[in-house]
Amino acid sequence: MKAIRRKKLYYIIPITWLFTAWLVTLALADETATVKYVIDGDTIILVDGRHVRYQGIDAPEIAHDGQSGDPFGEEARLYNEKLLQGRKVRLKLDEQHTDHYGRILAQVFLPDGTWINKAMAAEGLAYVCLYDKESPTAASTFKELLSAQRSAISAKKGMWAVSPAKSEPIYIGNNRTMRVHRPDCPSARETAKGNKTIFHTRNDAFMQGFCPCRRCKP
Ligand SMILES: [Zn+2]
């Protein structure tokens, strides 16, 4: 009797898995496009004028509007440009989702299958960032992006090779926004107690998939 039940499980597990994979595929719309211009490590402009923001990652800022850029912002832009300038790409977009600036959120692939969002994280040139938890695309790709980031942290690649000028005794993660803050950041103080995770090193936060607050830049 027991053996029969176990046998049934062998079928149920792959069927459930296939069904989930099918649901994820349904949620994703595929599109091909040509890249006209690379703005920075996580944003491109297509030949048709649309702006695409890479979903699930956050690259360091380049200098803009008189503000100086973040460390590795320029490296991230150059690497992205090297991979993509003038290339044909495949976009996997979650059609429901654009960001505050009307940019399309997408996972971007080269014809040879290179997954650009993941490549940026793997080189230590972008933070993995689950800023839109409700998006099926973001949720389904987070684990693999984070795995690439963890390898980059361990191998001290790109921005993981250097420590920030000022370190803190603790860092405060907001479980709702998935951002991590310095303890004196106003956003950390505004975080509800139940939503806080305390980290003793900043890398602990990044290993768990939190990404840096844009205000306090931990
Ligand atoms: Zn902050």
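Predicted model: local features only at pLDDT ≥ 70, side-chain atom pairs only at ≥ 80, totals over all residues.
Residues are numbered from 1 along each chain as its sequence is written.

Strand β8 (residues 171–174) runs antiparallel to β10 (residues 196–199), and 4 bridges join them. Strands are DSSP runs of E with at least two residues, helices are runs of H or I with at least four, and both are numbered from the N terminus. Two strands pair if DSSP finds at least two bridges between them. Strand β8 is also joined by 3 bridges to β9 (residues 179–181), again antiparallel, and here the bridge partner of N174 is R179. The hairpin of β8 and β9 has 4 residues between the strands, and M178 takes a positive phi near 65 degrees in it.

A positive phi of about 50 degrees is also found at K156, which is not a glycine. K156 belongs to the loop between α4 (136–154) and β8. K156 counts as exposed because it has 11 C-beta neighbours inside 10 Å; the cut-off for exposed is 12 or fewer other C-beta atoms within 10 Å, for buried 20 or more, and for partly exposed in between, with C-beta atoms placed from the backbone.

A121 touches I57, A126, V128, L145, A148, Q149 and A152, not counting residues up to four places away in sequence; contact requires C-beta atoms, placed from the backbone, within 7 Å.

Methods: Contact = placed C-beta atoms within 7 Å.
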